[in-house]
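Q: I have a structure open here and have not looked at it before. Can you walk me through it?

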Amino acid sequence: MDLNNYANPGMGMSKTAFSKIYDILENKEKWNIIEFGSGISTRFFVDYKLYSKKNIYINSYDDNPKY
């Protein structure tokens with residue numbers, strides 16, 4: 001999984017943050033993720049779920065109907 005795909009030029013998580021979360025996700029087979037503020041991080045979690053084929057459940061909340 002290429003973490004460079006999640007570059008964030010503005011507000012939000014840095015590449016270092018994505019790297020640390022990736023390392024944490026690798027240590028367990030099942031995760032329940034609750035996220036407040038959808039965007040690039042949501043795409044990261046969904047992509048990780050598809051990439052890893054792990055049992056990951058994601059609930060993401062945002063005030064913007066687009067997300």
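Q: What covers the buried residues of H2?
A: The model is a predicted one. In it, the cover over the buried residues of H2 includes H1, E1 and E2.

Q: Which residues of H2 are buried?
A: Ser-41, Thr-42, Phe-44, Phe-45, Tyr-48 and Ser-52 are the buried ones in H2. They take up an arc of only 160° around the axis, which places them on the same side of H2.

Q: How far apart are the end C-alpha atoms of H2?
A: They are 18 Å apart. With 13 residues at 1.5 Å a residue, H2 should span 18 Å, so the two agree.

Q: Is Lys-53 buried or exposed?
A: Lys-53 counts as exposed, because its relative accessibility is 71% and the cut-off for exposed is over 50%.

Q: Back to Ser-41. What is its relative accessible area?
A: For Ser-41 the value is 14%. Buried means under 20%, so Ser-41 is buried.

Q: What does Ser-41 touch, leaving aside neighbours within four places in sequence?
A: Ser-41 is in contact with Met-13, Phe-18 and Glu-35.

Q: Where does Met-13 lie?
A: Met-13 is in the segment before H1. It is partly exposed, with a relative accessible area of 25%. Apart from neighbours within four places in sequence, Met-13 has contacts with Asn-8, Phe-18, Ile-21 and Ser-41.

Q: Which segment holds Ser-14?
A: Ser-14 is in the segment before H1. Its relative accessible area is 39%, which makes Ser-14 partly exposed. Ser-14 and Ser-41 are 27 residues apart in sequence, and their C-alpha atoms are 9.8 Å apart in space.

Q: Now H1. Which of its residues are buried?
A: In H1 these are Phe-18, Tyr-22 and Leu-25. Seen down the axis of H1, the buried residues fall within an arc of 65°, so they line one face of the helix.

Q: What do the buried residues of H1 pack against?
A: They pack against E1 and H2.

Q: What span should H1 have?
A: H1 has 12 residues, which at 1.5 Å a residue should span 16 Å. The end C-alpha atoms of H1 are 17 Å apart, which agrees.

Q: And Lys-15, where is that?
A: Lys-15 lies in helix H1. At 47% relative accessibility, Lys-15 counts as partly exposed. Its C-alpha atom is separated by 6.8 Å from that of Leu-3, which is 12 residues apart from Lys-15 along the chain.

Q: Moving to the strands. Which way do the side chains of E1 point?
A: They alternate along E1.

Q: How many bridges join E1 to E2?
A: Seven, and E1 and E2 run parallel. In this pairing Ile-33 stands opposite Ile-58, and Glu-35 stands opposite Ser-60. The chain goes from E1 through H2 to E2, and this β-α-β crossover is right-handed.

Q: What does Trp-31 contact, leaving aside neighbours within four places in sequence?
A: Trp-31 is in contact with Ile-24, Leu-25, Asn-55, Ile-56 and Tyr-57.

Q: Last topic, the largest nonpolar core. How many residues are in it?
A: The largest nonpolar core has 11 residues, among them Leu-3, Tyr-6, Trp-31 and Ile-56. Helix H1, strand E1 and helix H2 each supply at least two residues of this core.

Q: Why would such side chains gather?
A: In soluble globular proteins, nonpolar side chains tend to be buried together.

Methods. Residues are numbered from 1 along each chain as its sequence is written. This is a predicted model: local features need pLDDT of at least 70, side-chain atom pairs count only at pLDDT 80 or more; totals for chains, interfaces and linings use all residues. Side-chain values use heavy atoms; hydrogens and water are left out. A nonpolar core is a set of buried Ala, Val, Leu, Ile, Met, Phe, Trp, Tyr and Cys residues joined through side-chain atoms within 4.5 Å. Buried means under 20% relative accessible area, exposed over 50%, partly exposed in between (1.4 Å probe, protein chains only). Helices (H or I, at least four residues) and strands (E, at least two) are DSSP runs, numbered from the N terminus. Contact means heavy atoms within 4.5 Å. The expected span of a helix is 1.5 Å times one less than its number of residues. The arc is that of the directions from the helix axis to the C-beta atoms. Two strands pair if DSSP finds at least two bridges between them. A crossover is right-handed if, with the strands pointing away from the viewer, the path from the first strand over the helix to the second runs clockwise.
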